[in-house]
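Here is a short note to read alongside the model. The points can be taken in order, with the structure open.

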Amino acid sequence: MDSISGLALGFGNAFSLANLAWALLGCFLGTAVGVLPGIGPALTIALLLPITFTVSATGAFILFCGVFYGAMYGGSTTSILLNTPGESGSIITALEGAKMARNGRAGPALATSAIGSFVAGTVGTLGIAFLGPVIVEWALVLGPAEYFSLMVLCFVTVSAVLGSSALRGMTSLFLGLLLGLVGIDLQTGQPRLTFGVTELLDGVNVVLVAVALFAVGEALHMAWRHHEGKVEVLEVGRLMLSKEDLKRSFWPWMRGAGLGFPFGVLPAGGTEMPTMLSYYAERKLVKPEHRHEFGTTGAIEGVAGPEAANNAAAAGVLVPMLTLGLPTSATAAIMLSAFQSYGINPGPMLFTQQAELVWTLIASLFIANVMLVVLNLPLVGLWVRILKVPVPQLYGGILVFATIGTYGISNSVMDLVILYALGVVAMFMRRFDFPVAPVVIGMILGPMAEQALRQALTISQGDWTTFVTRPGSALILALAVLALAGPRIWAAVASRR
Amino acid sequence: MTRRGADAADLAAGVFVLLLGGVAVWAAGVIPTTPLYAQVGPKAVPYVVGGGLAGLGVLLVAAALRGGWSADLPEVAEAGPPNPRALGWLGGGLVMNLLLIGPLGFSLSAAAQFVCTARAFGSTTPGRDAAIALAVSLAAFFLFVEALGVNIGAGVLEAAILRAIGREVI
């Protein structure tokens with residue numbers, strides 16, 4: 001199905017009352033968790049996973065994507081008004097945004113980030129709609145060997161290329177791979193790494209791991225580092241963008257969107273890099289008379305560009321997820337496990353076998369963007385109130401939901417013991433700067449990679465050279481090696497000079 | 001970078017990863033082999049992952065012996081001293097939840113955990129926290145049971161409420 005008729009079908013379905021309601025609920029929840037420090041979209045979607053037992057796949061994914069997009073909008077509000085970024089993509093927004101807020105320009109900062117998010121989200125969703133079918137066409141010729149190599153590339157980029165240390169990123173990834181191995185081996189029926197614990201035969205649940213990493217570990221780490229003191233929420237003031245603000249924001253929005261989307265699509269994932277690049281680009285390109293505002297009173301370009309890049313990259317992440325079944329962020333990985341619980345295999349077949357689901361989802365993303373801009377600008381006062389939820393009760397509530405989300409899986413205290421034990425591990429991971437997202441990605445992608453590996457070797461009758469003699473696979477593996485070794489070689493060459 | 005001695009904390013983290021890798025290799029070794037024909041048996045990937053983890057552990061230990069990495073992290077350098085009081089209250093709340101959730105059911109147990117958590121983060125109003133905690137945990141219970149269709153099983157408090165509103169106890 002081509003993009004235009006797909007979108008026509010999608011919009012036809014998306015405007016049903018039920019689907020609009022799911023989108024609105026998702027946007028609302030997403031903005032709320034984006035605003036609240038300490039919870040993000042990955043945790044929220046993990047806790048909502050039980051919904052897949054009762055709700056249709058379309059409804060559930062509209063809800064999840066609403067949460068995903070909404071959290072991006074909400075995160076910027078926290079960055080600007082609290083100067084504490086809620087998630088990694090908003091770190092850059094806090095640089096200039098919080099300075100603008102301190103100088104009484106919180107309103108324009110919030111407005112430019114919300115409208116910029118809308119512009120970029122729409123550009124990004126158009127990208128999904130038109131790029132998706134192209135990639136699918138190309139991906140249909142990939143065999144298990146190419147898939148395995150593609151997953152290796154994905155592992156390398158999410159763990160070794162992004163983040164502060166390749167060594168610690170890889171360690172996180174391998175921890176995730178290890179967790180993914182626990183349970184019955186699907187091909188031979190043998191129990192693996194269960195240590196004789198019956199509860200582990202079904203494997204470690206992804207909800208449990210996500211909750212341990214993103215809720216329990218976070219709470220423990222915050223408690224460890226806790227010191228008494230009050231956080232200050234800055235005043236919002238007037239929300240309107242003046243003509244001048246609008247003029248200064250327009251090109252940064254466009255450049256940010258153009259920069260962010262390709263980064264999201266590449267199996268490199270991550271929103272840190274495009275937001276940072278956008279920030280540096282805007283600082284370079286700003287008109288000389290405004291240059292002094294960067295780092296002093298806060299420049300609106302430094303909010304508009306990165307915030308657009310952030311949202312476009314987030315939309316881009318959905319492209320490899322929907323077309324190849326490759327998750328490049330923790331949130332996408334958890335959405336992938338939701339597909340699995342419906343018995344749907346994300347990948348090139350998704351666009352043909354589940355065309356209605358895919359196009360309804362894409363159409364709903366457009367609608368969600370409109371809803372989010374409405375939710376975030378006129379209703380900003382509501383989110384400011386949510387920001388003022390005191391920390392003690394906030395973490396109390398987060399742990400209540402963490403407990404019920406885990407205990408609800410099997411009603412077993414054993415699961416809670418594993419949850420808290422992993423939570424302690426996650427606390428130390430935070431302390432020693434091990435990233436947590438590769439754990440989730442490794443855990444979900446690992447078993448898929450193993451399956452692809454075994455299929456490829458069955459086809460080649462045990463010949464391991466199949467991965468380098470098939471040109472597609474060899475090319476992808478070469479890219480992976482380049483991604484791993486390239487930066488180091490570059491650094492070595494640069495230091496010799 | 002100036003030369004530094006080994007960083008004890010980082011060394012412990014590296015040794016932990018190394019041990020975890022060792023355990024994983026051992027656990028891969030005891031996976032029962034199968035007479036079923038397979039090009040790649042059930043042991044191969046666990047060996048690779050366990051071995052990889054152990055190898056990364058060795059590299060982390062080496063990095064720690066060269067001075068470690070966490071001293072360079074601004075978050076660690078700027079952080080105040082650890083807060084054993086807060087960590088104690090939070091950990092105590094988690095353990096209490098483990099002990100109480102069986103006999104008392106979710107809502108009461110989670111409410112107790114809420115109060116401990118709030119106390120950990122500096123709340124000085126346990127009575128008010130308890131009231132909020134009960135409201136939050138009951139709301140979470142009915143949200144999961146009614147809206148998400150998750151069967152958690154009614155505890156003491158939930159059963160009493162269900163009986164009071166004339167519903168069947170799940």
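1. Confidence. This is a predicted model, and the predictor gives the complex an ipTM of 0.91 and a pTM of 0.90. For chain B the average pLDDT is 87, and 94% of its residues score at least 70. Where pLDDT is low, the predicted coordinates should not be read in detail.

2. Overall form of chain A. Chain A holds 21 helices and two strands. Its C-alpha trace spans about 65 × 60 × 50 Å along the principal axes. The radius of gyration of chain A is 22 Å, which agrees with the value near 23 Å that a compact globule of 497 residues would have.

3. Interior of chain A. Of the 497 residues in chain A, 61% are buried. Among contacts in chain A with a separation of 6 or more, 81% are between residues 24 or more positions apart.

4. A helix pair in chain A. Two packed helices are described by the angle between their axes and the distance between the axes. For helix H2 (residues 17-35) and helix H4 (residues 57-82) of chain A, the axes come within 6 Å and cross at roughly 35 degrees. The crossing of H2(A) and H4(A) is right-handed. What kinds of residue make up the contact of H2(A) with H4(A)? There are 19 nonpolar and 13 polar residues in that contact, and no charged ones.

5. The contact between chains. On the chain A side 54 residues take part, in contact with 61 residues of chain B. The elements of chain A that each give two or more residues to this side are helices H8 (166-181), H9 (206-224), H17 (391-410), H18 (413-431) and H19 (437-459). The largest share, 13 residues, comes from H17(A). By class, the side of chain A that touches chain B has 31 nonpolar, 16 polar and seven charged residues.

6. A glycine in chain B. B:Gly21 sits in helix H1 (residues 8-29) of chain B. Is B:Gly21 buried or exposed? B:Gly21 is buried, because 24 other C-beta atoms lie within 10 Å, and the cut-off for buried is 20 or more. Leaving aside residues up to four places away in sequence, B:Gly21 touches B:Gly50, B:Gly51, B:Leu53, B:Ala54 and B:Gly57. One of these, B:Gly51, is 30 residues from B:Gly21 along the chain, and the C-alpha atoms of the two are separated by 6.2 Å.

7. Two residues with positive phi. Most residues other than glycine have a negative phi. A:Leu193 is not a glycine, yet has a positive phi, near 50 degrees. A:Leu193 lies in the loop between strand S2 (191-192) and H9 of chain A. A:Gln461, also not a glycine, has a positive phi of about 55 degrees. The place of A:Gln461 is the loop between H19 and helix H20 (466-469) of chain A.

8. Surroundings of those two residues. Where does each stand, buried or exposed? A:Leu193 counts as buried because it has 24 C-beta neighbours inside 10 Å. A:Gln461 has 8 other C-beta atoms within 10 Å, so A:Gln461 is exposed; the cut-off for exposed is 12 or fewer.

Terms used
Residues numbered from 1 in each chain as written. Chains lettered and ligands numbered in written order. Predicted model: local features only at pLDDT ≥ 70, side-chain atom pairs only at ≥ 80, totals over all residues. Axes fitted to C-alpha atoms, helices over the stretch in contact; angles between N-to-C directions. Helix = DSSP H or I, 4+ residues; strand = E, 2+ residues; numbered from the N terminus. Left-handed = near helix turned anticlockwise from the far one by under 90°. Nonpolar A, V, L, I, M, F, W, Y, C, P; charged D, E, K, R; others polar. Contact = placed C-beta atoms within 7 Å. pLDDT = per-residue confidence, 0-100. Rg over C-alpha atoms; globule rule 2.2 N^0.38 Å.
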